[in-house]
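Let's walk through this model together and learn how to read a few of its features. Have the sequence and the 3D view open.

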Amino acid sequence: MPETARSARPAHRATAWDRAAITVLGGAGCALSYDALQQMATAIHIRPTLTYLFPTVIDGFIAYGVRALLVLRRAPFRARLYIWTLFATATTASI
């Protein structure tokens with residue numbers, strides 16, 4: 001497609017409703033994930049006063065793994081494989 005025809009298309013932008021829906025869905029997903037992981041922490045006999053840390057660590061690994069994958073997208077294969085392994089392990093633990 002020629003560049004002039006491509007630039008004639010209107011840009012699709014997220015509306016306030018889109019942002020609100022993403023925020024609500026993300027918040028609900030976060031709350032459900034946190035609750036499920038906290039129950040898992042209780043089931044594997046983590047002390048009750050420390051169960052809040054388990055979801056933070058698991059979801060933190062997932063979140064920072066996504067960031068690391070983006071930052072290291074041009075890194076050597078072995079570095080990216082290491083990050084993918086950490087990300088996959090944390091995601092598996094979360095599921």
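Q: Which residue with a positive phi follows α2?
A: That's His-45, with phi near 65°. Helices here are DSSP runs of H or I, at least four residues long, numbered from the N terminus. This is a predicted model, where local features need pLDDT of at least 70, side-chain atom pairs count only at pLDDT 80 or more, and totals for chains, interfaces and linings use all residues. Residues are numbered from 1 along each chain as its sequence is written, and side-chain values use heavy atoms, leaving out hydrogens and water.

Q: What span should helix α2 have?
A: The expected span is 1.5 Å times one less than the number of residues. For the 28 residues of α2 (16-43) that gives 40 Å, and the end C-alpha atoms are 40 Å apart, so the two agree.

Q: How do I read a pair of aromatic rings?
A: Look at the distance of the centres and the angle of the planes. Rings of Phe, Tyr and Trp (its six-membered ring) pair if their centres lie within 6.5 Å; planes under 30 degrees apart are stacked, over 60 edge-to-face, the rest tilted. That rule finds 1 aromatic pair. The ring centres of Trp-84 and Phe-87 are 5.7 Å apart with planes at 80°, so they sit edge-to-face.

Q: Where are Trp-84 and Phe-87 in helix α4?
A: An α-helix has 3.6 residues a turn, so residues three or four places apart point the same way. Trp-84 and Phe-87 are 3 residues apart in α4 (77-94), about one helical turn.

Q: Is Trp-84 buried, exposed or partly exposed?
A: Buried means under 20% relative accessible area, exposed over 50%, partly exposed in between (1.4 Å probe, protein chains only). At 49%, Trp-84 is partly exposed.

Definitions and conventions: Helices (H or I, at least four residues) and strands (E, at least two) are DSSP runs, numbered from the N terminus.
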